[in-house]
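Hello,

Here is the structure I promised to pass on. Please have a look at it first, and then read my notes below.

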Amino acid sequence: MAAWHAEHHQDTEPKDCPVCGTDLDKVPPDALLDKAVKDALAACSEADADAAKGADEWERDAAREFLDGLPEGLRAFADKAPPEDLLSIYHKAYVEELLADRAFANRLAPLKQNAGQVWEIAVGDNKLPYAPAPQPVDLPEEFRNGTLAQRIGYIVNAVVLSRHRAESTEAIKRNTGITPGSIVF
């Protein structure tokens with residue numbers, strides 16, 4: 001009945017049984033789903049639509065639902081590959097971005113020229129704790145190369161980086177006296 005109603009009365013809610021004319025609000029709940037008949041019809045219609053989907057549609061819808069279900073703070077990471085590791089983030093912040101400031105154009109230029117070497121020495125002498133390995137997510141083969149897999153991978157890597165940063169903060173502070181994220185320009 002759900003498919004018939006959807007085909008013949010698109011975008012309207014069923015009110016009466018098309019066979020006997022009974023008001024659907026006045027009939028007992030559906031015996032299979034234990035829901036009001038209108039709710040059962042809506043569930044059947046949704047199930048029919050889901051059953052008619054191809055793998056691409058399933059993957060696209062799952063990727064959208066995954067994104068919608070993420071906490072707001074993680075959504076920004078879902079569609080952009082995170083940096084490879086924590087050191088690459090710190091390298092970019094402290095060597096590239098900090099030294100790009102115009103203060104390093106004149107009298108501090110020698111510091112800028114030697115920054116790469118100083119970085120390598122500092123990193124070698126002050127090892128970070130090992131990064132936790134991301135746990136692989138096992139998806140069906142049909143979904144391993146699509147948007148859903150990419151988003152899951154990016155989020156997993158962003159969470160691993162966040163955990164590694166939290167674990168490394170104390171080591172960096174102990175070795176350098178600097179709390180990562182405390183330098184503000």
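This is a predicted model: local features need pLDDT of at least 70, side-chain atom pairs count only at pLDDT 80 or more; totals for chains, interfaces and linings use all residues.

Residues are numbered from 1 along each chain as its sequence is written, and side-chain values use heavy atoms, with hydrogens and water left out.

The chain has 7 helices and 0 strands, in the order α-α-α-α-α-α-α from the N terminus. Helices (H or I, at least four residues) and strands (E, at least two) are DSSP runs, numbered from the N terminus.

Of the 185 residues, 23% are buried (under 20% relative accessible area; exposed is over 50%, partly exposed in between, with a 1.4 Å probe and protein chains only). The chain exposes about 13,400 Å², with carbon and sulfur atoms supplying 54% of that area (Shrake-Rupley method, 1.4 Å probe). Among contacts (heavy atoms within 4.5 Å) with a separation of 6 or more, 59% join residues 24 or more positions apart.

The structure holds 1 aromatic pair. Y90 and Y94 form this tilted pair, at 6.1 Å centre to centre and 35° between the planes. For reference, rings of Phe, Tyr and Trp (its six-membered ring) pair if their centres lie within 6.5 Å; planes under 30 degrees apart count as stacked, over 60 as edge-to-face and the rest as tilted.

Both tyrosines sit in helix α5 (residues 86-99), 4 residues apart, so about one helical turn separates Y90 from Y94. Y90 is buried at 8% relative accessible area, while Y94 is partly exposed at 25%.

Best wishes
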